[in-house]
Amino acid sequence: MKKKFLKYISIIVSVLILSILYLSIFGLETEKFNNQIKNKIYQSNKDLDIELKKIRLTLDPLNFQINAKTIGPKIFFKKKQIQLEFIKTKISLNSILKNKIISSKLEFSTRSITLKDLITFFRSVTGKPEFYLLEKSIKNGQVIANVELNLDENGKIKKDYKITVILKEGKIKFLKDYNFENINFSLKIYENTFDFKNIKLRSNKINFFSKDLKIFQRKNNFFVEGDINNEKAILNNDLFKLFNIDTKDLNFLNTNFDSQNKFSFVIDKRFKIKNYKINSKIKLSQLSLKEQEFLKPFFPKLNKSIVLKDQQIEIDYKNKIIELKSSGKIQFENELEDIDFSLIKINDNFDFDTQINLQKTLFSIDFLNFKKKKKKKKKKKKLKKIKKKKKI
């Protein structure tokens, strides 16, 4: 009798172990919980609905949980469809026994969808205001996203959510004068932070790239910091709008430049930029200044355009103060001369210091009865304060 009892116990234990192994490896498929999931989503947001196929359940005996996964579900937001690759979640064994799902973690991945639809969905689910800024700015783009959400015992989303996004061919109109297209990047979103990596984009016919850019939310403001660079781009007037520099006397025809820029600024709740800071290192191939009449008395053989060439420029912009240093070549006549200059712009006032080596250029000052012949070195150094309305 005892042997038979032990035999039955052994069989039961073996069956139990085999069942646990089978459920852990292969699991089973069911539609039993589909209606509960749909009702729970509808209760959290009446604009959300979901279409589910069979859910595969696999056992996690070590953590007393059931791993649930469904392939190819669809989420509807105000009747707009988002096609998902999968949804995964973890369900406690206790909730299965009570015939009521309590999930501790939710993960899903999308198929390729429009960026605007995805941001609209995230804003609805998380209620985070930072998504509103992106939603209003986005005009185009396809994304694949992976979302990880931890849930409390009442099914509410915790603050430690993680969202990973890969964007291709995006287009954003940000504020009034900032349009970006051909945008590609990877993005991680977590509490109050957008962390962009490997950004490539095009703006005002210039291709830019960035290794790192972050956006932080603090109360009603967004703090932006990062780097952005370009190589062999054609310079145009739009770049100087940022610094409020008048370029009506400049000619940027076929002007190539490379730049490395680090920046930070704040966007307030009205989407206005404040506290803009930037450090730029620029290599400028050539820049032409249109005919400068006031220089003719000093340079008798002055060309119609003054050419700056091979300029190494560094710009610091902070609190509306511009500090600029540059060294390179300048051409008044037929030959290039060395030039170094620095400039500080505070409000409408300019302080500048210039050194020019006039070795190959004819230079004269009539009222001093002075005339420099070519091949004679002459350095001019000028420290000047001048107001914006006056000419330099």
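User: Which strand holds Gly141, and how is a strand assigned?

Analyst: Strands are DSSP runs of E with at least two residues, helices are runs of H or I with at least four, and both are numbered from the N terminus. Gly141 lies in strand β9, residues 138-150. Bear in mind that this is a predicted model: local features need pLDDT of at least 70, side-chain atom pairs count only at pLDDT 80 or more, and totals for chains, interfaces and linings use all residues. Residues are numbered from 1 along each chain as its sequence is written, and side-chain values use heavy atoms, with hydrogens and water left out.

User: Is Gly141 buried or exposed?

Analyst: Buried means under 20% relative accessible area, exposed means over 50%, and partly exposed is in between (1.4 Å probe, protein chains only). Gly141 has a relative accessible area of 3%, so the residue is buried.

User: What is Gly141 in contact with?

Analyst: Contact means heavy atoms within 4.5 Å. Setting aside neighbours within four places in sequence, Gly141 contacts Ile113, Thr114, Leu115, Leu167, Lys168, Glu169 and Gly170. Take Glu169: the C-alpha atoms of Gly141 and Glu169 are 5.2 Å apart, while the residues are 28 apart in sequence.

User: Where is Thr70, and what does Thr70 touch?

Analyst: Thr70 sits in strand β4, residues 65-71. Its relative accessibility is 4%, so Thr70 counts as buried. Not counting residues up to four places away in sequence, Thr70 touches Leu52, Lys53, Lys54, Ile55, Glu85, Phe86 and Ile87.

User: Which backbone oxygen lies 3.3 Å from a polar atom of the Thr70 side chain?

Analyst: A polar contact is a pair of N or O atoms within 3.5 Å; within protein, one must be able to donate a hydrogen and the other to accept it, and residues adjacent in sequence count only if both atoms are side-chain atoms. Here the oxygen belongs to Lys54.

User: How many salt bridges are there?

Analyst: A salt bridge is a side-chain nitrogen of Lys or Arg within 4 Å of a carboxyl oxygen of Asp or Glu. The count is 8. One of them joins Glu85 and Arg111, at 3.3 Å from N to O. This pair links distant parts of the chain, 26 residues apart: Glu85 is in strand β6 (residues 80-92), and Arg111 is in the loop between β7 (103-110) and β8 (113-114). Glu85 is partly exposed at 36%, and Arg111 is partly exposed at 35%.

User: Which strands do Glu107 and Lys88 lie in?

Analyst: Their side chains form a salt bridge at 3.9 Å, N to O. Glu107 lies in strand β7 and Lys88 in strand β6, so the pair ties together parts 19 residues apart in sequence. Glu107 is buried at 17%; Lys88 is partly exposed at 32%.

User: Which residues are linked in a network of salt bridges?

Analyst: Asp195, Lys197, Asp212 and Lys214 are linked. Within it, Lys214 meets Asp212 at 3.3 Å, N to O. Lys214 is buried at 18%, and Asp212 is partly exposed at 23%.

User: How many bridges join β13 to β14?

Analyst: Two strands pair if DSSP finds at least two bridges between them. Strands β13 (residues 206-218) and β14 (residues 221-234) run antiparallel and are joined by 7 bridges. Gln217 has Phe222 in β14 as its bridge partner. The hairpin has 2 residues between the strands, and Lys219 takes a positive phi near 55° there.

User: Which residue in β16 stands opposite Asn230?

Analyst: Ser259 does. Strand β16 (residues 256-267) runs antiparallel to β14, with 11 bridges joining the two.
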